[in-house]
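Welcome! Here is a short tour for anyone meeting this structure for the first time. Please have a look at it, then read on.

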Amino acid sequence: MPVATFVLPASLALQLLSGAAPAKPAAPAATAVSATGAKAAAPATGAKAAAPAYSQAVAEKLIGPALTEGQAYARLAELTDGIGPRLSGSEAAEAAVQWALRSFKADGVKAWTEPVKVPRWVRGEERGEVLASERTRGHPLSLLALGGSPPTAPEGLTAEVVEVTSLEELAALGGAVKGKIVFFNHTMSVAADYGRFAGLRGRGPAVAAKAGAVGALVRSLATASLRTPHTGSTRFEDGGPRIPAASIATEDADLLHRMLAGGAVRVKVVLGSSELPDADSHNVIAEVRGREKPQEIVLISAHLDSWDVGTGAHDDGAGVVMVMEAARLIAKLPQAPRRTVRVVLFMNEENGLRGARAYAEAHAAELPRHVAAMEMDAGGGRPLGVSLRAGAGGQELVRPWLKPLVALGAGTFSAREAGGADLSPMVSARVPFFGVEVDSSRYFDVHHTMADTLDKVDPQDLARSTAATAWATYALAEMPGLLVRPEPPPVPSGPPAVSPAKASGH
Ligand code: ZN
Ligand code: ZN
């Protein structure tokens, strides 16, 4: 649907583009013949400037419209305001699939769906309270059931609370948590802490259940709070014990911590969640076929599903519209890049990774020809740089193509390794990863909350990251050389660990 959108003034966009030109007056720009035989004007930047890596005209055709047309933001409004929350298996998730197909077709990009069976977890009534005692008149708890949590009995669950700050601390308590509600507290304060503490939410309730606990409360993984709890998935072992588990707002975690310092605290929790049979769903795939090496695939992705609270604007609507817009702009170029650009909008990143697994299985024979893959899933912040996960020489190969990103603030390599939860099934096939790192310093303010809505996304930041995504994708699809495939992951010696890609995934 048409929406009023913010558009970066053309003058500012041009300024940004011209910022990519050399700062100092240089000798007349050398005109050189690129590997494709096309003439390209290249700025002279020193001895090695004789062979320009890329066409400035193409850079302008990708970056200019991404900055000025406002298409990514308009699309994000359609997805968030028009469709809303889209948890796997819901009608809205299917509406998002149909919307993506329609949008690709309107963009002139070939698109199709591939089947995925997804879990269907449905949130129900949920509330909780600190019960009155001689030390307090009681307090309501601001909570959200964690995805995958079983329900409580209809009358709720009432028990004493035990606080722990790590799985080791929980293990040390042994049978002392039997019959109790384990409260996982932690000290997350910045976005980089997410990977450190995400295991408390993901695995903590299952570990507590095995130790005999009857419920779990997890401090929200958050960098800000207006008493907004942050949900997310928790995983129980097949056939293992399952206990009701919820996240609580950081303010309520602090309250519990203070009260526990003075003695025993009892809480009551009511969760009405339910697990329905697996549902039929889809990944959405789209493609711009390469002109020279169509069998070589540069995969760009994001996840179409979101949590059922908020409208998934940052997580991961922003990533979805960035990669869709990259494909639209690349498809409009007078000449397709050398390799095929394939977009995958994964289903079920949030609570199962079924779409990622289905894609890796269905395309297993093709994975050796996936020459690069990225997943944009860290929100709609401004671009900061380019990340890689590849064998030796990756940065040297890509560096000459970074120049158009300088004016966007993304012309350097990130210290972080590229990855993404939906890319994790491709690690064993040694697919090289790349990414545009975005500013996610405020991402975990709203991540997995009611507050992840369109207004939190800055249209200019989104436009810049979209431009960087389009250019980085084109560069990987067009550059003459290929990234060296990374070493295979080490064979785990202990219990299965969370892969690096998953640990950094959002
Ligand atoms: Zn998420
Ligand atoms: Zn995400």
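Two strands count as paired if DSSP finds at least two bridges between them. Helices (H or I, at least four residues) and strands (E, at least two) are DSSP runs, numbered from the N terminus. This is a predicted model, in which local features need pLDDT of at least 70, side-chain atom pairs count only at pLDDT 80 or more, and totals for chains, interfaces and linings use all residues. Residues are numbered from 1 along each chain as its sequence is written, and side-chain values use heavy atoms, leaving out hydrogens and water.

**The sheet**
- Strands β7 (residues 157–164) and β11 (residues 266–271) pair in the antiparallel sense over 4 bridges.
- Thr158 has Lys268 in β11 as its bridge partner.
- Both strands belong to an open sheet of 8 strands with mixed pairing, in the order β5-β4-β11-β7-β8-β9-β10-β6.
- At the edges are β5 (139–141) and β6 (143–145), each pairing on one side only.

**Helix α10**
- Gly355, Ala356, Tyr359 and Ala360 of helix α10 (residues 354–362) are buried (under 20% relative accessible area, with exposed meaning over 50% and partly exposed in between; 1.4 Å probe, protein chains only).
- The face turned away from the buried side of α10 carries the exposed residues Glu361 and Ala362.

**Aromatic rings**
- The whole structure holds 7 aromatic pairs (rings of Phe, Tyr and Trp, its six-membered ring, with centres within 6.5 Å; planes under 30 degrees apart are stacked, over 60 edge-to-face and the rest tilted).
- Phe346 and Tyr359 have ring centres 6.1 Å apart and planes at 90°, so the pair is edge-to-face.
- Phe346 is buried, at 0% relative accessibility.
- Tyr54, Trp401, Trp471 and Tyr474 form one aromatic cluster.

Note on methods:
Chains are lettered from A and ligands numbered from 1 in the order in which they are written.
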